[in-house]
Amino acid sequence: MIRRYFLLGMGLTTLSLGWSQSPDAVSSPPAAPPASSPPAAQKGFLGSDLPAFDPGSEVMTWDGKVWNIQDQRVFRARFEKYLNAEEETGADAKKYRSQFKEMLDLLSPAKMSKENFRKAWAILPQASAYEPDADLCNALDDAIFGVLLAQQEVTKIDDQNRSLAKRKDTLEWNSRFAADSSLLGPAPKNPVAAEQWNREQNLKRDMKMQPLLAELGEVNASIAGNRVKKEALRLQAKIEFQVLIAQLFLQRRFEHVLLANRFYRALFGDGDNQLRAADDYTANQSSKNKESFGDLGKLPKTLGQLDAMANEAIRDVREGVESFSFLLDKGELKSAAERLSEAFAIGEYLPEIRLLPRVKKREVLEFTRKSNQLLSALEVKDYERASGLVRELEATGKDFDSAKPMAAIETARTVSALHLAKARAAATSGDRNTLEAELRSATEIWPRNPALAEVSGAIFTQADVQQQALNDFERLHAQKNYRQIFEDKVRFIAATALTPEKQEKLKMVLDQVQLAESALLRAAELAKRGDAAGAWESVERGFSDYPDDPKLNQARAEFTTQAAEFVRSIRTAQEMERKQQLGSSLAWYLRAQQDYPLSEIAKDGIARISSRILAP
Amino acid sequence: MARRAHRTSSPVAWWGGLALIVALGAGGALVFQKGSDPYRTVEALKPQDYLENANSLRGNIYQLEGVIASSLGSSPEKGRLFSLRTSYGDKDWPLPVLLPPGYRDINLQKGQRYRMKVKVNETGFLEIEEMTKS
């Protein structure tokens, strides 16, 4: 029993790998509406019990589960591997095919005989030597051997039963004889003696018959037990063989199915074609196993059905390959690739598929590869690459329909662009939360959008520049290099736009430098008119507000030389004032005013000291 | 004709007389001049000294002569403050002078020339003690 489960499990696992990992993997369309479900998925001639392919949606349906054959990575990989593989036209392959054909021929109903059966059976181990056979012929050979062993056992039981039947006959005769002989001899006349004689005679008869009857019962029980055992052995042998056939069917080894069926009919010539494997396994299949491999109770009910379905699959594959060749000649690569992939999905191991020349296959290989790349690109949302692949596929295949992929690509582009536009606006307004949210949305829709990298790069560069500018501002401010801040004011105004505290700081700096600039401009004007003292005074007044400005310092030094006497008077007056030499200070201010009557510094100094002197 | 006695004037006498006349003139001029400067006994102020360190001159009395350049302010308690343009050497030196409140009746006007006796007060200012038009 364990062995049977193992074989069936292996078969179903192979099928699962060949088609899909999970029905959830269906991605095209992502949420297929019920209306688009393949017709075969509905309850029909065979219900939903058998695999069915809908060419409209490229969906394979089996047991209520759906796979898109083009979307499955494993399938795609296998298909590409097949397209690159050389056709199986070697001597071994030819020999294998001829052996297979010979076996089918020997076991055909018209030629069926014990002799032909033995010949066919003898070929099985040879056919198994061919590597692509995957030792399936050996498995079949073993199964046949198992059936023959069971049949031998059945023959032994039959022989045993025959012996038991003879013994039964003997026992029955002996019992009858014993019963008859007990009545021989005259009975006494005396009624009392006669009654006693009769009791003794009956006792004697019972004593003679009892062992015979006991043995007869045992023989009957043995015969009945052997009959049950024989039937059980026959049924067991049938079921084991049927399981192997079902496994071959599920593995899509349709030729092996046909061959195994013919061997089955040769082995069990009782006309009983009922497929009991399903019934047997249905009773024992766990719910977990059903989830993994499907409900075995839904398999066909007779071997004839299985045989017909295998033949139908072979025919379908043959037609698919013919269609592929025709479409290839017409240059309709997409359809050709689709027909071939459908045929491959069903009849991967059939000669029609295996013998297809590599030259033909390679014609669609590039197209298929690009189609797969397009699917991958769409899966990972690499729309730029997908767009390029669509263009290439359009150029390669006359029948490639770019509407669906381009719709997906354009939609993603548009939505991504909208999010990016919002992100830009948020960046401009300093709305960091919205910026992050929009960038995240744009990234989710189209992760490899070149514009995304460009925009986010610009935004982040902007952020970097802003931070750098703020750092520079703080550094220059600490150095009191207000002139440099003033020179680069546009950059700092932009950088401090979002930080009111720094903005205020910058405003003070700019006002200060602006005053210095005004003083310098005024000084330059006065200097042009030859008013060196006025120019110096203008610079000096700016200097008192911003003593660290290099430009002011330079101008101050220059005009100091040009108006040396006046400058000396002012500076001495200021120095005297500082030393509380108010009389001398006032005299120096007066002297400075005499030298430059328009001097504001002198005027202010005179007024200041005079008021102090005259203060009560 | 009677011969007159020959009398000759000595050049020395001539030169001596001339010198006497000059000396008398100079002496007269000196006498006249000294008679018009009422503060001839008071030391004249050197503006440079004042500008250099007025505080060091506190308590000293000087005479000054100059032209009223401008009024710098006034207060009932402290008087009036003027700028007096004096000449010393080949330069004009404007100096601040304070006219105390006791001289209210003196009407000082810009451009008037005055000779004055000033004292460097405790605050280092030139405070007028006496003044006359010159």
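Predicted model: local features only at pLDDT ≥ 70, side-chain atom pairs only at ≥ 80, totals over all residues.
Local features are given only where pLDDT is at least 70, and side-chain atom pairs count only at pLDDT 80 or more, while totals for chains, interfaces and linings use all residues. Residues are numbered from 1 along each chain as its sequence is written, and chains are lettered from A and ligands numbered from 1 in the order in which they are written. The model scores ipTM 0.77 and pTM 0.45. In chain B, five strands close into a barrel, and helices of chain A pack against that sheet.

**The two chains**

- Chain A has 25 helices and three strands. Helices (H or I, at least four residues) and strands (E, at least two) are DSSP runs, numbered from the N terminus.
- Chain B has two helices and five strands. From the N terminus on, its elements run α-α-β-β-β-β-β.
- Of the 616 residues in chain A, 33% are buried. In chain B, the buried share is 27% of 134 residues. A residue is buried if 20 or more other C-beta atoms lie within 10 Å of its own, exposed if 12 or fewer, and partly exposed in between; the C-beta atoms are placed from the backbone.
- Take the contacts in chain A between residues at least 6 apart in sequence: 62% of them join residues at least 24 apart. For chain B, 45% of the contacts with a separation of 6 or more link residues 24 or more positions apart. Two residues are in contact if their C-beta atoms, placed from the backbone, lie within 7 Å.

**The barrel of chain B**

- The strand order in the barrel is 1-2-3-5-4, and the pairing is mixed. Neighbouring strands are turned by 50 degrees against each other on average, direction ignored.
- Strands of a sheet pair through backbone hydrogen bonds, either parallel or antiparallel. Here, two strands count as paired if DSSP finds at least two bridges between them.
- Strand 1 (residues 61-75) and strand 2 (residues 79-88) of chain B pair in the antiparallel sense over eight bridges. Ser74(B) has Arg80(B) in strand 2 as its bridge partner.
- Strand 2 and strand 3 of chain B also run antiparallel, joined by nine bridges. Ser87(B) has Asp92(B) in strand 3 as its bridge partner.
- The hairpin of strands 2 and 3 of chain B has two residues between the strands, and Gly89(B) takes a positive phi near 65 degrees there.
- Strand 3 and strand 5 of chain B pair in the parallel sense over two bridges. Val97(B) has Leu126(B) in strand 5 as its bridge partner.
- Strand 3 of chain B is mostly covered, with seven of its nine residues buried.

**Where the chains meet**

- The contact takes 23 residues from chain B and 16 residues from chain A. Strand 3 of chain B gives the largest share of the chain B side, five residues.
- By class, the chain B side has eleven nonpolar, eight polar and four charged residues. Ala, Val, Leu, Ile, Met, Phe, Trp, Tyr, Cys and Pro count as nonpolar, Asp, Glu, Lys and Arg as charged, and the others, Gly among them, as polar.
- Helix 25 (residues 600-614) of chain A lies across strands 1, 2 and 3 of chain B, running at about 100 degrees to strand 1 of chain B. Axes are lines fitted to C-alpha atoms, for helices over the stretch in contact, and angles run from 0 to 180 degrees between N-to-C directions.

**Cores**

- The largest nonpolar core has 68 residues; Ala523(A), Val539(A), Phe559(A), Tyr589(A) and Val97(B) touch the most other members. Helix 20 (residues 500-528) of chain A gives the most to this core, nine residues.
- Apart from it lies another core, of 57 residues, including Cys137(A) and Leu340(A). A nonpolar core is a set of buried Ala, Val, Leu, Ile, Met, Phe, Trp, Tyr and Cys residues joined through C-beta atoms within 7 Å.

**A closer look at Val509(A)**

- Val509(A) sits in helix 20 of chain A. Val509(A) counts as buried because 22 other C-beta atoms lie within 10 Å.
- Leaving aside neighbours within four places in sequence, Val509(A) is in contact with His477(A), Tyr482(A) and Ile485(A).

**Confidence in chain B**

- The mean pLDDT of chain B is 83, and 86% of its residues reach 70 or more. pLDDT is the predictor's confidence in each residue, from 0 to 100.
- Within chain B, confidence is lowest in helix 1 (residues 11-36), at a mean of 73, and highest in strand 4 (residues 113-120), at 92.
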